[in-house]
Amino acid sequence: MLPTGPTRTLPPEDELLTRTMRESASERFFRCNFAQCDLSVNLYDRLGERQIEPFLSAEAAFPTHLLMPHDAAAGCAFVFAERTLYFLYDRIEHWENAPGHLAFVAVRIDPAELIALASDAPPGLQLAPSEYHLLAQLLCGLDLKSAAAALGAAYDTKRKQIRVVLDKFGAKTQTALLRSLTMELTAKLLDALLPSAQHMPESVLVKRQFGGDVVTSTISVGNGSDLPVWEFGARNGRPVLYFHTMLSPVVFCDDMAEVLRRYNLRWIVVPRHFLSRDMPFDTDMRMAHLTRALGATLSYLTEEPLVCLGESMGVSWAAHFARHNPGLVEHLLLAATPTPGPDHDTDRRMTIYGEISARLRRDRRVNAGIARIYNALARVPALAEKGLMHLYRHSPPDLAMVEALCEQEHFFEWLQLIATVASHSSMDELQGMQRNWPADLHALDCPMSFIHGADDPISPPDGVEAMIKDLPQAEFMCVEDAGHFVVSQHFAALAAHTADLPRRPLM
């Protein structure tokens with residue numbers, strides 16, 4: 001007689017078949033998308049059940065069950081389970097071949113992986129298991145007291161331990177370290193996980209140009225906007241918010257990242273040309289929308305006031321941001337400042353920007369026409385080069401700069417990308433410059449510095465000097481051997497000047 005034991009009821013045949021089909025679909029999806037990934041990845045369904053069985057080693061095992069937190073922002077979350085940190089991402093729709101039952105992708109982040117993903121981690125950095133566990137709990141959103149309780153340790157013990165962790169990373173505060181790690185881990189993990197078709201072309205290009213010297217992130221703002229943020233230089237350095245030119249969102253200086261690190265500057269760029277098209281199309285509304293979103297973003301990113309730098313077409317945007325976020329800005333730097341249009345020009349002299357502005361006021365169709373011509377020229381390198389050489393023909397420093405730019409493949413790639421992907425941006429920039437942005441300057445009480453090339457053919461220095469003569473907190477610096485590209489031409493000197501600017505506490 002066979003021995004008797006507990007009675008087991010097998011699942012119905014159709015349930016077994018459904019489960020087998022789901023497991024097979026999960027495995028096919030995994031092999032197709034993550035088999036070659038250097039990360040330790042697994043998949044979970046809507047009930048939080050693990051879909052891929054461990055096949056490497058016990059150290060690479062994933063929990064049988066994981067759940068996505070309900071309050072996860074932008075589809076991302078950090079979860080601490082079985083003494084290990086995991087990164088979860090639930091935007092499964094980004095993979096066209098994803099089976100319908102899948103809910104999220106999970107990445108295991110062990111101590112070595114965490115350190116490897118942190119660009120500013122000092123060489124040879126190691127974390128003790130208890131330090132890793134504490135840092136993982138904090139990354140999941142717990143405060144220090146709650147993290148200590150969750151780990152079954154005394155608060156004073158963990159308060160001392162977090163100081164050790166901060167010293168190891170060279171961070172000033174717990175908030176700064178967590179903010180930096182959260183952004184960097186999220187950006188790098190998503191970059192490795194997402195299919196190439198989901199990578200924004202501007203992010204692909206900036207990474208190709210700067211490699212590991214740039215960290216790209218996306219910040220979800222409370223008003224529903226997702227802002228792309230690029231960071232260069234010292235991650236814990238003095239923050240500089242850069243409002244870029246019309247030609248490109250980046251500065252063309254071969255050793256830009258090295259210079260920024262040398263002067264301990266954290267260069268932050270929001271490439272406004274490529275912002276989501278769900279933002280208002282009207283330029284004034286778009287600018288106000290961006291300013292609000294940027295204010296919320298910078299309040300999260302920084303613990304100290306920032307230097308706001310606008311260059312050329314970025315001047316109007318920088319002035320607007322500084323006026324509406326006075327507590328965040330300790331100094332306004334404006335480089336290659338265009339002379340205002342005739343309605344705002346103190347001596348009524350006409351410049352190239354003034355002429356454009358006047359024509360725009362008379363007939364807004366001129367705006368669309370100029371933008372179409374500009375985009376058509378920008379798409380063809382030979383025409384773009386010829387047009388720039390003609391525009392800057394009276395400025396030897398700028399001619400030399402144009403020649404240098406035309407030898408860089410990335411410069412023409414930026415022109416073509418903006419003209420193709422963000423063709424509306426040229427119209428946006430022309431409209432932005434015709435607004436009464438000098439009124440923003442008069443409403444500010446922070447120090448202002450105007451940096452101008454002596455050979456600038458686009459905006460003559462004397463016109464800018466005349467405009468700022470009634471701004472009591474403004475200083476004017478005319479740079480010899482420089483033209484309209486003064487920032488790129490003298491980037492190291494600009495960085496040194498920025499680093500020496502007086503500081504004030506965040507309001």
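## Overall fold

The protein's secondary structure comprises 20 helices and 12 strands. The model is predicted. Of the 507 residues, 53% are buried.

The accessible surface is about 23,300 Å². Carbon and sulfur atoms account for 54% of that surface.

## Cavities

A probe the size of a water molecule, rolled over the atoms, shows where empty space is left. Here, the structure contains 6 cavities of 30 Å³ or more.

The lining of the largest cavity includes Ala 118, Ser 119, Asp 120 and Ala 121. Phe 169, Ala 171, Leu 177, Ser 180, Leu 181 and Glu 184 also line this cavity, as do Arg 235 and Asn 236. Helix H6 (residues 174-193) supplies the largest share of the lining, 4 residues. By class, the lining has 6 nonpolar, 3 polar and 3 charged residues.

## Helix H3

Helix H3 spans residues 129-139. It is largely enclosed by the rest of the structure, because 9 of its 11 residues are buried. Buried here means under 20% relative accessible area.

Which residues of H3 are buried? They are Glu 131, Tyr 132, His 133, Leu 134, Leu 135, Ala 136, Gln 137, Leu 138 and Leu 139. Just after H3, Gly 141 adopts a positive phi of about 110°.

Definitions and conventions:
Residues numbered from 1 in each chain as written. Predicted model: local features only at pLDDT ≥ 70, side-chain atom pairs only at ≥ 80, totals over all residues. Heavy atoms only, no water. 1 Å grid on protein atoms, 1.4 Å probe; cavity = no way out; pocket = protein on both sides within 12 Å on 5 of 7 lines; lining within 4 Å. Points joined across faces, edges and corners; volume = space filled by probe spheres on them. Helix = DSSP H or I, 4+ residues; strand = E, 2+ residues; numbered from the N terminus. Nonpolar A, V, L, I, M, F, W, Y, C, P; charged D, E, K, R; others polar. Buried < 20%, exposed > 50% of the residue type's maximum accessible area, 1.4 Å probe, protein only. Areas by Shrake-Rupley, 256 points an atom, 1.4 Å probe, with all protein chains shown as cover.
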